[in-house]
Amino acid sequence: MTSTFPNISISTERLVLRALDEDDVPALAEMMNDEQVGAWTGVPQPYGEDSARRWITEYAPAARLAGRGLDLAVTEFLTQRLVGVIRLTKADWRIRSAELSYIIAPWARGEGYASEAALATAQWLFGDQKFERIELRTAADNTAAQQVAQKIGCISEGVLRNACIVHVRTEDGTWADLRTDYIVWSLLPEDLEGAGEELAGSDGFTSWN
């Protein structure tokens, strides 16, 4: 029998992580059209509200019910504004592992939201779901994403050479693929000790397929 993630809400001092809702469609589409999201992730550009709605109403629920992963909206506790998205993918229920990735809206960067949301997700995954490993992958030149991984206690395990595709703007304004390396990070339950003590600063983007 396939295991599935519950439909949950996770609260931190500043944030609430919850299931994506159709009310998130406009903010989600706007966030996904950001220049840095286009550069560091595989999100299609331009990204319209129809795509955001399909993600929220079709892809995210299907992934959760099938046990493949979990998509969570990251919102400000006080304003309920959409800050970003956390994803758990490639869930392996036998060895209790999953890959974590995240995107933060342009207006919310630099506030430590990525670290706070990622850490809260890891604590829940290890504590409530009894997982034993979380993996992150960051593009070699994405120093902001690497800082987030370090802040939550991740350990760098090595480099996957030539395994990542990022995107750059060409002279005519279109996007072109650029191949680079992946840095692989892991987080185990014992790595979380003390990770919440220094969670301010940069936000980044992990791999996003």
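**View 1. Two cysteines that stay apart, C154 and C164.** The sulfur of C164 has its closest cysteine sulfur in C154, 17 Å off, so a bond is out of reach. The disulfide count for the structure is 0, where a disulfide means a pair of cysteine sulfur atoms within 2.5 Å. Both residues are tucked away: C154 is buried with a relative accessible area of 6%, and C164 is buried at 3%. Here buried means under 20% relative accessible area, exposed over 50% and partly exposed in between, using a 1.4 Å probe and protein chains only. Keep in mind that this is a predicted model: local features need pLDDT of at least 70, side-chain atom pairs count only at pLDDT 80 or more, and totals for chains, interfaces and linings use all residues. Residues are numbered from 1 along each chain as its sequence is written, and side-chain values use heavy atoms, with hydrogens and water left out.

View 2. S186 sits in strand β8 and is buried, with a relative accessible area of 4%. Its side chain makes a polar contact of 2.8 Å with the side chain of E157; that term covers a pair of N or O atoms within 3.5 Å, and within protein one must be able to donate a hydrogen and the other to accept it, while residues adjacent in sequence count only if both atoms are side-chain atoms. Setting aside neighbours within four places in sequence, S186 also has R133, I134, C154, I155 and D191 among its contacts, a contact being heavy atoms within 4.5 Å.

**View 3. The inward side of helix α5.** In α5 (residues 143-151), A145, Q146, V148 and A149 are buried. These residues span an arc of only 155° around the axis, so they lie on the same side of α5; the arc is taken from the directions from the helix axis to the C-beta atoms. The cover over the buried residues of α5 includes β5, α4, β6 and β8. Just after α5, G153 has a positive phi of about 100°. Helices (H or I, at least four residues) and strands (E, at least two) are DSSP runs, numbered from the N terminus.

**View 4. The open sheet and its β4-β5 pair.** The 8 strands follow the order β1-β2-β3-β4-β5-β6-β8-β7, with mixed pairing. At the edges are β1 (10-11) and β7 (155-169), each pairing on one side only; strands pair if DSSP finds at least two bridges between them. Strands β4 (residues 82-92) and β5 (residues 97-104) run antiparallel, joined by 7 bridges, and L88 has L100 in β5 as its bridge partner.
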